[in-house]
Amino acid sequence: MGLILAAAFLIGVCALAVLLWAMSSGQYDDPEGDAARILLDDDEE
Amino acid sequence: MDTLKHQTSDSVAGAAGLKRRERPAKDLTVELLVQGAHCANCIAKLEKGLSKFDDVRQVRFNLSTGKLTVRGDSLRPIALITRVEALGYKASPYKPSEAVSADEEGERFLLRCLAIAGFGVAFVVPLTDATQAVWLGVADMGPATRTIINWIVALIACPTSLIAARPFFRSALRGLSAGRANMDVPISLAIVLSLALSLYQSVLHSAETYYDAAVMLTFLLLIGRYLDLRVRRRASEAARQLVAMQAVMVRRIDADGVLQTIMAADIRPGDRIVLAAGERSPVDGTVESDGASIDTSLVTGESAPVSLARGQALHAGSIVLDRPLTLHATAAVENSLVADIARLIEAGQQIRSRYVRLADRAAAAYVPTVHITALAVFVAWWLFLHASFATSITNAIAVLIVTCPCALGLAAPAVQIVATGALFKRGIIVKSGDALERLAEADVAVFDKTGTLTTDRQELSNRNRLNEADVRDAALLARASRHPLAQAIARVAGAGPVADGIGEEEGAGLEATVGGETWRLGRADWVGGAIAEAASTTLWLRRGSNAPVCFQFEAPLRPDARETLSELAKRHISSQILSGDRSDAVAAIGNALGGVSWKSGVGPREKVDTLNALKAEGHHVLMVGDGINDAAALSLSHVSMSPASASDAAQSAADIVFNGASLSPVVASVDVARQSRRRVLENFAVATLYNLVAIPLAACGIVTPLIAAIAMASSSLIVTVNALRIFVPRAAH
């Protein structure tokens, strides 16, 4: 029981940390643009 | 150019703030607002198109906000704008004010708190006693295990809710230090007290803990707070973008006679400016050349063009119709509104800012009620029922927890964000947070005529009295010109041939030799027409020695003007016309609209007086107008709208700006405003009903943590789903 709780807690903290990191590194700044950029062809110069 | 460069780069560097300090001084970040880019191709076009230049090191276009960020050495914003325009987009410099970046910071802070609270909810809720009873079965757990889990929950719940609830604590402290109890005081009390009570119970090894309630409260309330901030930020962002879009370029004649393109905001009194035909003057000034026709409809509401002589004054917002004109600026842009109008606008805005939003009115009633109830419950248990101090305080806290305004906090913002978002998709921009609430109360609509009920384009009006040959021959000349009246003839005639060797006499008309005769199309005095019908806008056509033919023009009604007024009448909003134009022109429009009451020749001050009179009769006035002469009335009315073609002053003064050639957005906005008002009131009703049930239960001490949690979540859910019911009518075409 204690082990499961500790594991769940650690996973949760990791997820929270990842979310906070993603927010501070600007990954939520332009959701529409990111959706459109995937259509762009980078190789063609 | 140099002074301009320094000025702009300083402000841009100020906006770039932090980023710039880390890099050498030459490195600059410039932000531009770009219009017309909506897809992946636009991103590629902008970014590739700009990164070709040597001074550009990095380009990034944000599709969500429409902002283009360019990094590079010694960038010149004006040069960048020219390059973006060469790519086919409209651009204007964007300088975020300090207030805006503070708002942005506030939004990030709220979002971070929301993430932490969400983490807390996801953890605490499955582990609390109530939930465990469902998925583990109480019987499986010995008291020792329960105690351990209880302490783990406490370990997670206390820090997460205390960290995540900082926005409420801050606001409550700010309110208290100003001597007022705002809505965040009971919220903060409920969170802190429920945690404290739960810790106390944990020490006593009791199962009655409220950790999940504290975490869920924080989470739900943060959602409401976040939505509210988004609505207000979107509104102020829309207002700022409108202002930024108005930053036009003008050509200034420098002392050495060289033409220099500068920002309109940098015009100083004494500058000489060249305005081409069709351009709108950004400043007040005196005219330095003779005879140009000027469209002053945005300034005075008068629809017929006036001809200005050298030395006469030209007001900002006037449009030069036929020939280039040199203007001697007498004021800078910000001082260019007629001082009287500017003062009236300011007075109007002060009056309007006294409006109290529905949510604030609800909170004002809510806060004292909750505090008094909780106190009464404590007193009742302790003094009258002789319960222990612990039981009395527990029940009082239970009241605070269950009444915590989750539904109330979500009720208005959820509706607002759905409504403004839906209107935005239809090209209707809501510029102030409470505009929809005020619009829902409107019962009288006052329309300006020129440019609002009518389009801003002149059309041929006496087509029926002209014969086919007249129109065909006039079009032979008219197709060669870019003059708005000539183009109106060309539109009526459709595509066709153009006469050879057409000469354009600036400010007079067109001349050509057709079949050996001299044909002229132009002003009455130049062509030789009678000036009897001087009241309306005319062009004359003379073929050789034949008698000249008169073409009359007027701005036609917007296609759905009549329909709009009758739709408004169905919604119990009566309409009137207030125009600065001549009485015959206004009367014609009034009749065409089915006998709407009208006033003509009304100046800015009289418009304000008329609105004040209506207000004194107890009416809530919706003002729809586009001119500088309407700006004061727009800011003073209960709520105001203006079309996107309106003057800068009108757009800044209006609450709502709509795009497109039709007036149907007025009706659509009224519908959405009334619907959202109904939804907000329904939401308040749900919240009140919930409290009416929950408070007696809590006061009696029978609200278990499970009941509190379910009640809180379900009332919030009902309120949110109700907000999503807002229906926005589609555009007719």
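1. Chain A has two helices and zero strands. Keep in mind as you read on that this is a predicted model. Of the 45 residues in chain A, buried ones make up 2%.

2. Next, how chain A meets chain B. The contact draws 17 residues from chain A and 18 residues from chain B. On the chain A side, the elements giving two or more residues are α1 (2–24) and α2 (31–37) of chain A. Helix α1(A) has the largest share of that side, with seven residues. If you sort the chain A side by class, you get 10 nonpolar, three polar and four charged residues.

3. Now over to chain B, and its open sheet of four strands. Reading across, the order is β2-β3-β1-β4 (chain B), and the pairing is antiparallel. At the edges sit β2 (56–62) and β4 (90–93) of chain B, each of which pairs on one side only. On average, and ignoring direction, neighbouring strands here are turned by 25° against each other.

4. Strand β1 (residues 27–35) of chain B runs antiparallel to strand β3 (residues 67–73) of chain B, and seven bridges join the two. A handy spot to check is E31(B), whose bridge partner in β3(B) is T69(B). As background, side chains in a regular strand alternate between the two faces of the sheet.

5. Helix α3 (residues 40–51) of chain B covers β1, β2 and β3 of chain B, and runs at about 165° to β2(B). Helix α4 (residues 77–86) of chain B lies across β1, β3 and β4 of chain B, at about 40° to β1(B).

6. Further along chain B, have a look at α7 and α9. Helix α7 (residues 143–164) of chain B packs against helix α9 (residues 184–203) of chain B at an angle of about 160°, and their axes are 11 Å apart. Angles over 145 degrees count as roughly antiparallel, so that is the label for α7(B) and α9(B). Their crossing is left-handed. From α7(B), the contact uses N150(B), W151(B), A154(B), A157(B), C158(B) and S161(B), while α9(B) brings I191(B), L195(B), S198(B), L199(B) and S202(B). By class, that contact has seven nonpolar, four polar and no charged residues.

7. Y211(B) is found in helix α10 (residues 211–245) of chain B. Leaving out neighbours within four places in sequence, the contacts of Y211(B) are V124(B), T128(B), V153(B), A154(B), A157(B) and S198(B). Among them, A154(B) and A157(B) belong to the α7(B) side of the contact described above, and S198(B) belongs to the α9(B) side.

8. Strand β18 (residues 509–514) of chain B and strand β19 (residues 517–522) of chain B run antiparallel and are joined by six bridges. Within this pair, L510(B) stands opposite L521(B) in β19(B). The hairpin has two residues between the strands, and G515(B) takes a positive phi near 60°. Strand β19(B) also pairs in the antiparallel sense with strand β20 (residues 537–543) of chain B, over four bridges.

9. Last, another helix pair. The axes of helix α23 (residues 604–616) of chain B and helix α24 (residues 628–636) of chain B come within 8 Å and cross at roughly 25°. Angles under 35 degrees count as roughly parallel, so α23(B) and α24(B) fall in that group. Here α23(B) passes α24(B) in a right-handed crossing. P604(B), K607(B), V608(B) and L611(B) of α23(B) make the contact with N629(B), D630(B), A632(B), A633(B) and L636(B) of α24(B). These residues divide into six nonpolar, one polar and two charged.

Note on methods
Residues numbered from 1 in each chain as written. Chains lettered and ligands numbered in written order. Predicted model: local features only at pLDDT ≥ 70, side-chain atom pairs only at ≥ 80, totals over all residues. Pairing = 2+ DSSP bridges. Axes fitted to C-alpha atoms, helices over the stretch in contact; angles between N-to-C directions. Contact = placed C-beta atoms within 7 Å. Parallel < 35°, antiparallel > 145°, perpendicular 65-115°, else oblique. Left-handed = near helix turned anticlockwise from the far one by under 90°. Nonpolar A, V, L, I, M, F, W, Y, C, P; charged D, E, K, R; others polar. Buried ≥ 20, exposed ≤ 12 C-beta atoms within 10 Å, placed from the backbone.
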